[in-house]
Amino acid sequence: MAWAYFDPEYENLSIRINPPRVSVDNSSCNDSTLVKVDSLNKPGILLELVQFLTDLDLVITKAYISSDGGWFMDVFHVTDQQGKKVTDSRTIDKIEKALGPKGQSTDGLKNRTGKKVGVHSVGGYSAIELIGRDRPGLLSEITAILAGLHFNVNAAEVWTHNGRVACVVYVDDETHSGAVDGQSRLSMVEEQLNNILGGCDNDEKVACTSFSMGSTHVDRRLHQLLFAGRDYEGSGTVKEAERPSSLRPKVSIDNCEEKGYSVVTVRSRDRPKLMFDIVCTLTDMQYVVFHAAVSSDGPYASQEYYIRHMDGCTLDTEGDKERVIKCLEAAIHRRVSEGLSLELCAKDRVGLLSEVTRVLREYGLSVKRAGASTVGEQAISVFYVTDASGNTVDTQTIEALRKEIGHTMMLNVKKDPTVAKEPEVSGLDKTRFFFGSLLEKLLS
């Protein structure tokens, strides 16, 4: 079945005739809140719902999806970050308003507050997107260029995977007067950033800088940038190969010929936003999820998706299956937090991020993933770092780092979350860091 043209006026009429129903149920399940959604089916609706729930920093522990025909029926089991039921009245009110009749217009969920890329969605900031080959010190060079041209970084998010780096940076003028004005300044920063990224010559060296004016969710955009950079190709990093088999995701694809679906099965270590990353990747590869079942068993997650391509075809060739498997494995690995976690807080000022990344570079630290935001006058940053060889940073280096920057900012160091240990089946780790909360304060 292929998606036909979806007339917006017909959709709005259908919604008025059959308005969506949403309920937040805290009585049916002992350990989670049930969010039930029945609504008109339309392309991309599952991703919009999962994106909305994860932007509220809710953890999806189970989900049951059914969307054959014209109607979409979902049940999500969710908890807060501490693994408890959702009891906050403001959060419940947001869910009911956003997913109910008033929020389910054609662009209802899309226009909701969330992490988005683009000037229009962040109150006047310019959004710079970068994609290129990763190397030690690259983030320091990027932030130094922005500081040298008097750009003030208000928020940023950086992902690296399989030798590629993707970055979305929100900047304004150093006077905090709004989005950067002047084509000459924008052209200059684009040229300088492209020079250090390596240019945009061909598909073998995917590297470029662009100024976004769209409204794509920032996590989705980072997935798209790395996908465009073909980070799913190759055998992966040495670090990934060294992980025990129990920590590596297992993705398989079979065909359900009776119903005409391809069945994608994923089993991996559970973590926040895992369902979002998988659904996002399938959606951007133009696959439609008709049915799905998601559950967690201790520290593991099992997810099963019944899909077809938008043209109605299933995955019939081994080549097509292998490509989807590699892309899903890459999507799962991108958000895995490798290395030591450095959480920093300081009074915001122009050039602060450049100063921090310069120090990290001087100490030979490689940034694997990072998030930065400003809340009022405070700048908050989180860096996941390893040494230049990809190994855990030694204690001596950390202590020297404390002495170097500890007098100007607060520094909290957390141990490497990817130390190779067989996980015990004793429940989900609810203390993991949520990058969503960093940008949410700024972008709301």
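Q: Is Tyr287 buried or exposed?
A: Buried: this is a predicted model, and in it Tyr287 has a relative accessibility of 13%. The cut-off for buried is under 20%, so Tyr287 counts as buried.

Q: Which strand is Tyr287 in?
A: Strand 13, which covers residues 287-297.

Q: And what is Tyr287 in contact with, leaving aside neighbours within four places in sequence?
A: Leu282, Ile307, Arg308, His309, Leu315 and Val324.

Q: OK, helix 8. Why is helix 8 described as largely enclosed?
A: Because nine of its 11 residues are buried, helix 8 (residues 274-284) is largely enclosed by the rest of the structure.

Q: Which residues of helix 8 are buried?
A: Leu274, Met275, Phe276, Asp277, Ile278, Val279, Cys280, Thr281 and Leu282.

Q: What's the phi of Gln286, following helix 8?
A: The phi of Gln286 is positive, near 70°.

Q: Switching to packing: how do the axes of helix 6 and helix 9 cross?
A: Helix 6 (residues 218-228) and helix 9 (residues 318-334) have axes that come within 11 Å and cross at roughly 130°. That makes helix 6 oblique to helix 9.

Q: Right-handed or left-handed crossing?
A: Right-handed, as helix 6 passes helix 9.

Q: Which residues meet there?
A: From helix 6 you have His223, Leu226 and Phe227; they meet Arg323, Cys327, Ala331 and Arg334 of helix 9.

Q: Zooming out, how many helices and strands are in the protein chain?
A: The protein chain has 12 helices and 18 strands.

Q: How much of the protein chain counts as buried?
A: Of its 444 residues, 52% do.

Q: And what share of the contacts with a separation of 6 or more comes from residues 24 or more positions apart?
A: Those pairs account for 73% of such contacts in the protein chain.

Q: Last one: what's the accessible surface of the protein chain?
A: About 20000 Å², and 49% of that belongs to carbon and sulfur atoms.

Methods
Residues numbered from 1 in each chain as written. Predicted model: local features only at pLDDT ≥ 70, side-chain atom pairs only at ≥ 80, totals over all residues. Heavy atoms only, no water. Helix = DSSP H or I, 4+ residues; strand = E, 2+ residues; numbered from the N terminus. Buried < 20%, exposed > 50% of the residue type's maximum accessible area, 1.4 Å probe, protein only. Contact = heavy atoms within 4.5 Å. Areas by Shrake-Rupley, 256 points an atom, 1.4 Å probe, with all protein chains shown as cover. Axes fitted to C-alpha atoms, helices over the stretch in contact; angles between N-to-C directions. Parallel < 35°, antiparallel > 145°, perpendicular 65-115°, else oblique. Left-handed = near helix turned anticlockwise from the far one by under 90°.
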